[in-house]
Amino acid sequence: EEEEEEEEEEVERSRSSKDSISTTSTSNSSSSKHMDDKTPPPTTTETTDTNGRCAKPEPKPHKRNARQPPSRAQRRLERKQRQCDAFAATLAALQLPDNALVVDFGCGSCGLTLPLAWAFPRLRFCGVDLKAKAIALMAARARSAGLRNVETHCGSIASFEQREVALVCALHACGQASDEAMLHALRHRAPYIIAPCCVGKVRFASGGARE
């Protein structure tokens, strides 16, 4: 009986050992299969800020034209500068004698008179305008610039009775002022340079003919 019990125990130990080996083999196989099926996640590179958060891409700057179109005021300024240059070129071509008087009718506050007075210091210039404030401003600017060849007259063109006029100028003289400036020059047999106002226009030429 003791031998039979020992044989039965030996058989039981043998069975337990086989079951343990089988279980271990199955577990290893399953684990290996699971690892084979597992695909590693794709690697991505992201830009992060100092706080570790994903930083948004910076927007590209808006491209603007390197040359901006000039404003209306800038175009007006450039146009007047070209006109002043044309007046100066014509005055230089006339070759007036020293101390000759150039009258600027409808002068405003100095847009034409002072640049010409600075460019031609050997000539005398007189600005004529109806607006007292404009005349006062031009006189102050002439003193500030040290121009001693500039004088002023506050009043209408008809009220200016200086006869020794070597040249009559009128740049953008409003309304009929351009016509009156031209007629004044004709009465005194003086040459004239006129650029009419954008609102008014030259109506009469020599002999009363219409322009």
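In which helix is leucine 183 found? In this predicted model, leucine 183 belongs to helix H5, which spans residues 177–187. The protein chain as a whole contains five helices and five strands, and these elements follow one another from the N terminus in the order α-α-β-α-β-α-β-β-α-β. Of the 211 residues in the protein chain, 27% are buried.

The largest share of the lining, five residues, is provided by H2. When the lining residues are sorted by class, 13 are nonpolar, eight are polar and seven are charged.

Side chains of opposite charge can pair when their charged atoms come close. A search of the whole structure identifies two salt bridges. One of them joins the side chains of aspartate 98 and arginine 122, with an N to O distance of 3.0 Å. Aspartate 98 is located in the loop between H2 and strand S1 (101–105), whereas arginine 122 is located in the loop between helix H3 (113–119) and S2, so this pair ties together parts of the chain that are 24 residues apart in sequence. Aspartate 98 is exposed, with a relative accessible area of 57%, while arginine 122, at 37% relative accessibility, counts as partly exposed.

A salt bridge is also formed between the side chains of glutamate 151 and arginine 124, where the N to O distance is 3.7 Å. Here the partners lie in strands, glutamate 151 in S3 (residues 150–154) and arginine 124 in S2, and the pair therefore ties together parts that are 27 residues apart in sequence. Glutamate 151 is partly exposed, with a relative accessible area of 38%, and arginine 124 likewise counts as partly exposed, at 24% relative accessibility.

Notes: Residues are numbered from 1 along each chain as its sequence is written. This is a predicted model: local features need pLDDT of at least 70, side-chain atom pairs count only at pLDDT 80 or more; totals for chains, interfaces and linings use all residues. Side-chain values use heavy atoms; hydrogens and water are left out. Helices (H or I, at least four residues) and strands (E, at least two) are DSSP runs, numbered from the N terminus. Ala, Val, Leu, Ile, Met, Phe, Trp, Tyr, Cys and Pro count as nonpolar, Asp, Glu, Lys and Arg as charged, and the others, Gly among them, as polar. Buried means under 20% relative accessible area, exposed over 50%, partly exposed in between (1.4 Å probe, protein chains only). A salt bridge is a side-chain nitrogen of Lys or Arg within 4 Å of a carboxyl oxygen of Asp or Glu.
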